[in-house]
Amino acid sequence: MSDQTDPDEPGPAGAGGGDQPAGSSSGRMDYLGYQGEPADKADQDSMSSIFKRAKHPVDTSGAPAGGSGVSAGGPDVEAGTDDGPEALGTPPHQTDSSRIPETTSMRPAGGHGGGVTPRAPRAEDVDRRAERRAERLIAFWFMISVVGTVGFVITNFVGDKHKQYYTPCLGSALGMAVGGLGIGMILWAKRLMPHEQAVQERHEFTSSKEEIATTEAELTAGFADTGLARLPLLRRTLLGAGTVLGGLVVVPLLNLTNAKPGKRLDHTSWVKGARLVTEDGRFIKLGDVSIGGIETVFPALPVTGADGSVSYEPKTDVQTKADSTTILIRLPPGIDRPRKGREDWSIDGHVAYSKICSHAGCPVSLYEQQTHHLLCPCHQSVFDVLDGCRAIFGPASRSLPQLAIAADANGFLYARNGDYDEPVGAAFWERS
């Protein structure tokens with residue numbers, strides 16, 4: 001237990017005025033308490049009791065107890081020596097502006113205490129030629145940004161959106177436009193802008209007039225440090241890259257003025273006389289598909305040569321597959337129930353229907369021979385092939401469009417009437 005002194009009694013002689021009351025300002029202790037403030041008697045009682053004795057315990061003779069020296073983690077204190085109070089609490093942070101100057105120090109670099117190590121000057125800071133090389137490199141990347149922006153605009157308005165190159169070219173051009181400007185900015189900051197190490201202390205939210213004036217001066221000096229005033233090539237290429245890149249905002253708005261598809265979506269690539277061809281380019285003849293079998297076919301358009309001969313060009317590109325994919329099924333004789341007006345749309349049990357589901361456009365590719373049902377694997381819509389591929393189950397509400405087919409003198413199957421007589425694809429056509 002620590003010694004307790006009556007507040008009415010005079011304090012110790014070394015406590016700074018023994019006849020002064022403990023609560024007065026002159027009755028405070030001479031040593032520092034928390035964060036350097038003068039400690040009163042209550043501070044002394046709390047800080048010089050169990051904490052002090054726990055750090056440097058002594059035995060009954062007054063000598064330091066075993067384990068209280070340097071080996072215990074603290075300084076070697078002799079018996080009877082007063083090393084001052086034990087101040088507890090969180091040490092102030094380096095950026096805390098409430099620190100008193102006595103607790104703030106800047107230690108020299110290179111020693112064991114750490115500190116700030118000065119940065120070696122860059123080549124651009126001392127060599128004008130190096131600075132010019134850096135300027136030209138940054139200007140090069142700004143010009144790359146300009147080329148990418150122009151390429152994006154040209155690809156958007158001139159490129160064929162149905163070709164495979166369109167999306168990669170559009171993305172590459174946009175990457176050049178944004179990446180060129182970004183790389184140029186990074187190189188600018190790393191190689192031409194000044195580098196410095198600074199610690200900013202906390203400040204009040206309301207700035208004084210002096211601070212505002214200082215900020216304005218720093219902004220002016222910062223603009224001068226960028227070199228825009230004395231590097232005309234850098235200034236002009238940056239302005240050009242930023243202006244052209246800003247034009248990308250106008251491109252989506254201009255896309256709204258593009259021609260509408262109109263009735264183009266009502267038709268597919270099937271034309272009258274187009275042969276049925278597989279994806280690998282094989283023409284379908286009578287007898288190639290066994291009873292109960294199915295085959296995915298595409299149109300092979302007839303092309304008349306200069307000598308009058310007719311050849312067939314298979315259309316198996318991505319655009320054609322998106323709307324012209326057809327499924328050919330061979331039914332057993334006599335079981336098909338064609339709808340009125342479609343009695344001659346099939347031949348020898350061969351029927352052809354659009355493979356694109358009328359619900360959401362998924363490929364209808366699962367055929368059950370016993371029930372003669374087509375199943376869409378996406379949402380389990382079921383179509384009855386014997387009844388004109390009528391939707392009998394699932395979310396699909398419209399039958400699959402049928403393609404009228406026939407066979408020529410050589411037995412090759414072809415589109416008898418040309419395109420489907422109704423739009424293919426999802427059921428939104430019914431609401432358009």
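Student: What share of the contacts in the protein chain, counted at a separation of 6 or more, comes from residues 24 or more positions apart?

Tutor: In this predicted model, such residues account for 59% of those contacts, where a contact means heavy atoms within 4.5 Å. Local features need pLDDT of at least 70 and side-chain atom pairs count only at pLDDT 80 or more, whereas totals for chains, interfaces and linings use all residues. Residues are numbered from 1 along each chain as its sequence is written, and side-chain values use heavy atoms, with hydrogens and water left out.

Student: Why is the pair of Phe140 and Trp141 called edge-to-face?

Tutor: Rings of Phe, Tyr and Trp (its six-membered ring) pair if their centres lie within 6.5 Å, and planes under 30 degrees apart count as stacked, over 60 as edge-to-face and the rest as tilted. The rings of Phe140 and Trp141 are 5.5 Å apart centre to centre with 70° between the planes, so the pair is edge-to-face.

Student: Why does Phe140 count as partly exposed?

Tutor: Buried means under 20% relative accessible area and exposed over 50%, with partly exposed in between (1.4 Å probe, protein chains only); Phe140 has 45% relative accessibility, so Phe140 counts as partly exposed.

Student: What makes the charged end of Arg275 count as sitting over the ring of Phe283?

Tutor: A charge sits over a ring if NZ of Lys or CZ of Arg is within 6 Å of the ring centre and within 35 degrees of the ring normal. The charged end of Arg275 is 5.4 Å from the ring centre of Phe283, and Lys285 lies over the face of Phe412 at 5.1 Å from the ring centre.
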